[in-house]
Amino acid sequence: MASPTEQFEIRHFTGPLFHLGDSPVTFSNSALFMVLSVAAITVFLAVATAPRAIVPGRWQNLGELLYEFVASTVRQSAGKDGLVFLPLVFSLFTFVLAANLMGLLPYAFTVTSHIIVTAALSLLVIFTVIGYGVARHGSKFLNIFIPSGVPGWLLPLIVAIEVVSFVSRPVSLSVRLFANMLAGHIALKIFAGFVAALLTGGFVAILSPLPLAFTVALTALEVLVAVLQAYVFAVLTSLYLHDALHPGH
């Protein structure tokens, strides 16, 4: 039975295209599925927005539902002012959702199962928070580390805790997505391997429906997790962006 971690291996389709320092940059299966995820989103939105009908059809209705869902998430988490970040949150949500779902296809590669990808997305969010917060509020942005009503003698400890909490945000944001996708796909691969092993095991093949049922159930669960993790990523992004708009506690 193949290793359950084999599905996460990076495979290079080309030689070095160029170098970043001493590191060669190639076109890999990870890059391919990033491109396919963006292409799938682009095609879907192009089809959904093409009619622009007053009475929306099936695809337009689906596109409008997706847009309103993300917009509602941003309004609830970051307030009406947070809609300025709607393009960013919508892009992150649709990319993570498409990458998660595409990774469930047979022989596909799950982009979000690699910590480097989820970390890059998380750092984009945090640097946006810092950049926009400093540009809009200047030094007042530091108020996110100073809760109101804290006694002076306790302030150094609270500030230290707030700084650690802020720095840990990209870590938790990236690890949560990466770990969920990695663990789910490993479990799915293991149970699917049990089915194949039992089917070739002679008399014990009568037991194969049991792991097969678990595999089907896990697949349904993985679809749910794929959607849920994209939603959680969008919600946490909106909550963090709220600090850039309103740095005071």
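Q: Which residues of helix 1 are buried?
A: Asn29, Ser30, Phe33, Ser37, Ile41, Phe44 and Ala48 are the buried residues of helix 1. Helices are DSSP runs of H or I, at least four residues long, numbered from the N terminus; buried means under 20% relative accessible area, exposed over 50%, partly exposed in between, with a 1.4 Å probe and protein chains only.

Q: Where do they sit around the axis of helix 1?
A: On the same side of helix 1, because they cover an arc of only 120° (taken from the directions from the helix axis to the C-beta atoms).

Q: What's the source, and how is it numbered?
A: This is a predicted model, where local features need pLDDT of at least 70 and side-chain atom pairs count only at pLDDT 80 or more, while totals for chains, interfaces and linings use all residues. Residues are numbered from 1 along each chain as its sequence is written, and side-chain values use heavy atoms, without hydrogens or water.

Q: What do the buried residues of helix 1 pack against?
A: Helix 2 (58-78), helix 3 (86-102) and helix 4 (115-137).

Q: Lys140 next. Buried or exposed?
A: Lys140 counts as exposed because its relative accessibility is 58%. It lies in the loop between helix 4 and helix 5 (155-199). From Pro106, Lys140 is 34 residues away in sequence and 50 Å away in space, C-alpha to C-alpha.

Q: Switching to the largest nonpolar core: which residues touch the most other members?
A: Val70, Val89, Phe93, Val129, Phe233 and Tyr240, out of 37 residues. Helix 1, helix 2, helix 3, helix 4, helix 5 and helix 6 (209-245) each give two or more residues to this core. Such a core is a set of buried Ala, Val, Leu, Ile, Met, Phe, Trp, Tyr and Cys residues joined through side-chain atoms within 4.5 Å. Another core, of 7 residues, lies apart from it, with Phe33, Met102, Ala108 and Val117 among them.

Q: What is Tyr240 in contact with?
A: Leaving aside neighbours within four places in sequence, Tyr240 contacts Val125, Ile126, Val129, Arg169, Ser172 and Leu173, contact being heavy atoms within 4.5 Å.
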